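Please read it with the structure open beside you.

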Amino acid sequence: MIAVENISKSFDGRQVLHDISVEFLNGRTNLIIGQSGSGKTVLLNSIVGLHQPDSGHIYYDGRDITVMSKKERTMLRREIGMLFQGSALFDSMTLLENVMFPLDMFSDKSYKERKARAMLCIDRVNLLGSEYKHPAELSGGMQKRAAIARAIAMEPRYLFCDEPNSGLDPKTSLVIDKLISEITHENNITTIVNTHDMNSVIGIGENILFINNGAAAWQGNSKEVLTSNNKMLNDFVFASEFSKQLRQDILANIH
Amino acid sequence: MIRKMLQSLGEYLLLMARTFQRPERMRMFLKQYYKEMMALGINSVGIVLLISLFIGAVICIQIKLNIQSAWMPSWVSGYTTREIMMLEFSSAIMCLILAGKVGSNIASEIGTMRITQQIDALDIMGVNSASYLILPKVAALVSFIPILVTFSVAAGIVGAYCTAYLANIITPADLTLGLQHSFTPWYFWMGVIKSLFFAFIIASVSSYYGYNVKGGSIEVGKASTSAVVSCSVLILFSDIFLTQLLS
């Protein structure tokens, strides 16, 4: 479990996060949603330690990352897997080398064992047959799946995904969402997904935090999103006329 | 402006402090070191040989046609060619050329890694990204530069011989006499020592510019240009001090 307590962060005098407190549960797909510029990426970066918050604490199963020494933080990061918005695969390496990289860096296993683990991860994301291709030879969806394979190679306890569906078509987005959700449940890890894809919110959101202007504005699950009376949340999630009508129809069926 | 320069110096020193740390995995360091040796060293051999060959030939022709006269000994052209190649061209001028080729390559490679979040990915994994990316580049270039200096001096002399054998501008005997006249081995080592400093400047300063890129592809281009300009200026300034110190 990751517990965020009273986190605030400002850049050049402009406050981006206002006193956010939230718990991200173990074995669940936790989502952070909000408009562009609402502060969700800053929150995610603060949680993973890329930004040092101005105040507040972030606990990884009781371990406070904000007061950790550099060495302790480095050790903690080995328990973290991260999927970046642009995949962030290493251009000069093949898919297999990318997935093997964290194992090569931190694992004491033999080459044969490391390769077997990497192949298992590549198989898990259905990319067998592409292991000797470079990132430039892979499609956007394949790159995202490759990045997931690299993120889970070290069997992380915490998985972070920054806008995993950006730039992907709806069908591929569903594949990525399903993969993230399955991996979370299979390995019982704490997953935090930063997204503004409404299909993800409804599809895999087990614990959703809605951020508005840097403050926590709502928290619940995907079913509660449909029935919530929070105007800011509804304006964001059901922004189009079509989705507003869809929500009305669903609510009418529920009642 | 002074404040900005001091800030940049501080950032550079902090980056170097992170860079010069024990690699997390020696096998990964050696793998990167070998890769960088190929990319920065071996791949530069061709351009170094080509430029040195022609510059050696041109120096020999210029000295023979414009400096040498009846009251000068016949070995002056060969002697001057050797001294220029060993003392300045093969170290300082060649490193200025390498600053353009290798420096821009390093800055744009690391800069692109920065803007595509590859460096963030390394940091998140718990890898010391500065040490993983920059240390092998510095080590590879510094350890390969003596070979490039040697090749450059040799190619310059071959170029000079081309003017003797192919263009008949100077006799091979006069050239050989000049090349052997008052040979001081220290001059060669001076060039090698200077080039070690220049190689460090090229690899570390270019890495600094690449590592601190913020923005997109335009900023990567600017960082690449800044890296080449800064490396060139630093090489020229340090050349004065090193020449004074080692002479």
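Among contacts in chain B between residues at least 6 apart in sequence, what percentage join residues at least 24 apart? Point 2 gives the figure.

1. Ground rules. This is a predicted model, in which local features need pLDDT of at least 70 and side-chain atom pairs count only at pLDDT 80 or more, while totals for chains, interfaces and linings use all residues. Residues are numbered from 1 along each chain as its sequence is written, chains are lettered from A and ligands numbered from 1 in the order in which they are written, and side-chain values use heavy atoms, with hydrogens and water left out.

2. Chain B as a whole. Chain B has 8 helices and 0 strands; helices (H or I, at least four residues) and strands (E, at least two) are DSSP runs, numbered from the N terminus. Read from the N terminus on, the elements run α-α-α-α-α-α-α-α. The C-alpha trace of chain B spans about 70 × 40 × 30 Å along its principal axes. Of the 247 residues in chain B, 48% are buried; buried means under 20% relative accessible area, exposed over 50%, and partly exposed in between (1.4 Å probe, protein chains only). As for the opening question, the figure is 85%, where contact means heavy atoms within 4.5 Å.

3. Helices H7 and H8 of chain B. Two packed helices are described by the angle between their axes and the distance between the axes. For H7 (residues 185–211) and H8 (residues 217–246) of chain B, the angle is about 150° and the axes are 9 Å apart. Axes are lines fitted to C-alpha atoms, for helices over the stretch in contact, and angles run from 0 to 180 degrees between N-to-C directions. H7(B) and H8(B) are therefore roughly antiparallel to each other (angles under 35 degrees count as roughly parallel, over 145 as roughly antiparallel, 65 to 115 as roughly perpendicular and the rest as oblique). Their crossing is right-handed, that is, the near helix is turned clockwise from the far one by less than a right angle.

4. What meets what in that pair. The residues of H7(B) in the contact include B:Trp186, B:Phe197, B:Phe198 and B:Tyr209. Among those they meet in H8(B) are B:Ala223, B:Cys231, B:Leu234 and B:Leu246. By class, the contact of H7(B) with H8(B) has 16 nonpolar, 5 polar and 2 charged residues. Here Ala, Val, Leu, Ile, Met, Phe, Trp, Tyr, Cys and Pro count as nonpolar, Asp, Glu, Lys and Arg as charged, and the others, Gly among them, as polar.

5. A serine in H7. Is B:Ser207 buried or exposed? B:Ser207 lies in helix H7 of chain B and is buried, with a relative accessible area of 0%. Apart from neighbours within four places in sequence, B:Ser207 is in contact with B:Leu15, B:Ile106, B:Ile110, B:Ile134 and B:Lys137.

6. Helices H5 and H6 of chain B. H5 (residues 129–165) and H6 (residues 172–180) pack at an angle of about 155°, with axes 9 Å apart. These two helices are therefore roughly antiparallel to each other. H5(B) contributes B:Ile157, B:Ala160, B:Tyr161, B:Ala164 and B:Tyr165 to the contact, and H6(B) contributes B:Pro172, B:Leu175, B:Thr176 and B:Leu179. By class, there are 8 nonpolar, 1 polar and no charged residues. B:Cys162 is also found in H5 of chain B and counts as partly exposed, at 28% relative accessibility.

7. Chain A, domains. Chain A is divided into domain 1 (1–79 + 157–221) and domain 2 (91–155), with bounds that come from an automatic or database domain assignment. The C-alpha centres of the two domains lie 24 Å apart. Their contact takes 15 residues from domain 1 and 12 residues from domain 2.

8. A:Ile192 lies in strand E8 (residues 190–195) and is buried, at 0% relative accessibility. A:Ile192 and A:Leu31 are 161 residues apart in sequence but 5.6 Å apart in space, C-alpha to C-alpha. A:Asn6, in strand E1 (residues 2–11), has a positive phi of about 50° although it is not a glycine.
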